[in-house]
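User: I am new to this structure and would like to learn how to read its helices. Please take the features in turn.

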Amino acid sequence: MRHVIAITLLFGLALPATAQEPRAQLNAVGLKSAYDDWLVAQSTTGTLGMGTRLDDGRWVALRDSESDTVQMGELASVSKSITAACALQLVEGGQLEWSTRLPALLGTAPDVTIAELITHTSGLGPDSTQATMPSWLGRTTDSTAHFSDHVLNAVNARETQQGNRGAYLYNNENYALLGLAIEAVNESPYWETCKAALDLSDDISPSPRAGAFQPWGGLQAHPDAYVSFLETHFGPNSIIGADPFALPHVEIAEGVYYGLGMVFRRFGDSFNFWHFGALCFPEQMNAGSYAALWEGEVGALALYDACVDWPAMGALDGTLTRAVYP
C-alpha cells in the first residue's frame, strides 16, 4: 500500500549551481522551458507563474508568450507563508505578540508561544493531521476552526509530545493551532481575518477540496496572485525580506533557516526564500507546489498534478534556480 504523504517540505538549494555574483535575472522563456522539461520527466502536467522587478522598481507578472495561460491551483503547504504573514500583520498591529502563550488565547491548550508555532519549534508531535486529512477533503461547509479544534483535541490528549521544545520538527499541527490563535484574536474566521489583514484578492482563496485545512495547507491561488503576494510580503521592501533574522526563525541545516512559513538563506546582500508543498492522497488527490523568491528580484510558483519524490523535488529546485541564474 502506498504511504499517504499529506504535506511535505524540502530544504532545497535555491542557489545557482556555480559561484557567481548574486543577481537574479529572469529569462521567462528559459524558466518556462526548464519547468516544462521537468514536467515531462515526471510524466505530469502543471502551470507556472513568474514575476520580476523592473529597473524602475515595479513588479510585474510575466509570460513566455501571450498565449500562455495559467489557472488557480493548490498551494498545499505553501499556504503556511500566508498564515505566517497574516500573524505578522497582527503582531505589527499590536493585536498579538510573538511571546503570546497559546492558553491565553484558547484556554485549554499546550503552553507554547506564537513564535514556537510559526517556526515548528513547539515540540508538538506526532503530526495527527496526516491520518485525518484524507477524510476532510471536500468538507467546505464546515468552518476551518472545526477541523483545527480536532487537531487541538489530539494535541491535548497526548500524555507526552514527540518533539523537543526549541528544536525544529515540521508539523502541520503548529499551523492548525496558529489558525485558531488568529481566529481568537479577532473573534472572526481565519480566512476573513487574513484576507483583510493582507489585502488579498479572490485570486487567493480557500480550496474547494482542501479548504478544511486552510491555515496549514488548504489554500489555492492563481500563480500570478501568489507570486505578487510573495514579493509584497517577502521581498526586500517588506518586513520579512528586509531582515528575516529579526523575526522568529530557526536554523534547520547549515546556513538554512525556517522563518515565517518559508525556508530561507542569505544570498549576497539579500535572501532567497522557498517552500514545497504536496497534497498526496492515493486515489483521491495528487497535487504539488513549489514557490521561490530569488533576492526579491524574481519569483515563481510552480503547480503540478502529481506527487513526486524527494529527488524530483530537488531537481525542480535546481532546474528553476539554474534558469534564473543562467
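**Helices and how they pack**

Analyst: The crossing of helices α6 and α7 is left-handed, meaning that the near helix is turned anticlockwise from the far one by less than a right angle, whereas clockwise would be right-handed. This is a predicted model, in which local features need pLDDT of at least 70 and side-chain atom pairs count only at pLDDT 80 or more, while totals for chains, interfaces and linings use all residues. Residues are numbered from 1 along each chain as its sequence is written, and side-chain values use heavy atoms, with hydrogens and water left out.

User: At what angle do the axes of α6 and α7 cross?

Analyst: Two packed helices are described by the angle between their axes and the distance between the axes. Here the axes of α6 and α7 cross at roughly 125° and come within 9 Å. (Axes are lines fitted to C-alpha atoms, for helices over the stretch in contact; angles run from 0 to 180 degrees between N-to-C directions.) That makes α6 oblique to α7; angles under 35 degrees count as roughly parallel, over 145 as roughly antiparallel, 65 to 115 as roughly perpendicular and the rest as oblique.

User: Which residues of α6 and α7 meet?

Analyst: Contact means heavy atoms within 4.5 Å. On the α6 side are T144, A145, S148, D149, V151, L152 and V155, which meet E173, A176, L177, L180 and E183 in α7.

User: Which residues of α6 are buried?

Analyst: Buried means under 20% relative accessible area, exposed over 50%, and partly exposed in between (1.4 Å probe, protein chains only). In α6, T144, A145, F147, S148, V151, L152 and V155 are buried. Seen down the axis of α6, they fall within an arc of 165°, so they line one face of the helix; the arc is that of the directions from the helix axis to the C-beta atoms. N153 and A157 are exposed, on the face turned away from the buried side of α6. The cover over the buried residues includes α3 (102-106), α5 (129-136), α7 (172-186) and α9 (214-217).

User: How does α2 pack against α8?

Analyst: Their axes are 9 Å apart, at an angle of about 70°. That makes α2 roughly perpendicular to α8. I82, T83, A85, C86, Q89 and L90 of α2 make the contact with Y190, W191, T193, C194, A197 and L198 of α8.

User: And where do α2 and α10 meet?

Analyst: S81, I82, A85 and Q89 in α2 meet Y226, F229, H233 and F234 in α10. α2 passes α10 in a left-handed crossing.

Conventions. Helices (H or I, at least four residues) and strands (E, at least two) are DSSP runs, numbered from the N terminus.
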